[in-house]
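Try each task before you read its solution.

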Amino acid sequence: MTQNQVREQLAIAKQQGTLIEVHNLPDDDYFNVGFVVGLDPTFCMLISIDWDGKINGLIVIRVASILYTARGTDYLLTVSEKTKVAHRYHYFDTWQVQRFLDQHPAITQGNLLQNVLQDSFNHDLPVVIGTRKYKGSDDFVGRLTELDRIQLTMHYFNEHDLSSLWEYSVLLAQVDYVRTRGAQAATGQQILQDLFPED
C-alpha cells in the first residue's frame, strides 16, 4: 500500500470507529489491532486491542513505517466477538484507557508522539519505544529521563541482563512506535519498582 492509501484507511477506520489491522513490522507474525483515535501528519494513535478482545493500552505508530492495513478480516471479526465477551465480564478495559482518553481528549489532537511522550514523562509512566534502527527486532521498556522536541533519553532494563538499568537516547525522528498505559508498560513498571527502586 502507498502511504496515502494507508492514511486513507486509517482515516476511514477512525471516522467509522471500526477495528483495523496495522502491519508496521517486516515479520508478519506480529501486528497491531485497534481503534484509531488520533491521526496527525506523521503518526496515528490507536487504542490497542489484544487477542483476548481487551484493551491493551495506547500505541502511536509512525504512518510512514506502516507497510499495509487491513479491515474486515476474519481475524478482526474474531477479535470483535471477543470484545463482546470482555465487555460482558467486565475485563475489556483493565487499564482504564477509555476513561483516561475521556478525561484527556487533547492527547488525541496535535502532535501525537509528543503528546504521549510528554504524558509519560510528566507522570513518570513507563513506555515501550520501537525505533527505525531495530525495526521490531527489539524495543526498549523503561522510563523517560529527558525529553525535548528533538530527542528522548530513557533508562530501560534488559531482561537478559538485570545487573543495572541501561540508558538509551534516540532522536524522535527515529521513533517508529510508542506503547503506553497497557500490559507491557505495567509489567515494566513493576520490574522497575522491584529491581531498580533507587533509579
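**Exercise 1.** Find which charged end sits over the ring of Phe 100, and how far it is from the ring centre.

*Solution.* Start with the rule: a charge sits over a ring if NZ of Lys or CZ of Arg is within 6 Å of the ring centre and within 35 degrees of the ring normal. For Phe 100, the charged end is that of Arg 181, 3.6 Å from the centre. Next, look at Trp 51, where the charged end of Lys 82 sits over the ring at 3.4 Å from its centre. Trp 51 also belongs to a cluster, linked by ring pairs, with Phe 31 and Tyr 75.

A word on the model: it is predicted, so local features need pLDDT of at least 70 and side-chain atom pairs count only at pLDDT 80 or more, while totals for chains, interfaces and linings use all residues. Residues are numbered from 1 along each chain as its sequence is written, and side-chain values use heavy atoms, with hydrogens and water left out.

**Exercise 2.** Work out how the rings of Phe 140 and Tyr 156 are arranged, and why.

*Solution.* First, rings of Phe, Tyr and Trp (its six-membered ring) pair if their centres lie within 6.5 Å; planes under 30 degrees apart are stacked, over 60 edge-to-face, the rest tilted. The structure holds 5 aromatic pairs. In this one the centres are 4.9 Å apart and the planes at 85°, so Phe 140 and Tyr 156 are edge-to-face. Then check burial (under 20% relative accessible area): Phe 140 is buried at 4%, and Tyr 156 is buried at 15%. Finally, Tyr 156 also pairs edge-to-face with Tyr 168, at 6.4 Å centre to centre and 80° between the planes.

Technical notes. Buried means under 20% relative accessible area, exposed over 50%, partly exposed in between (1.4 Å probe, protein chains only).
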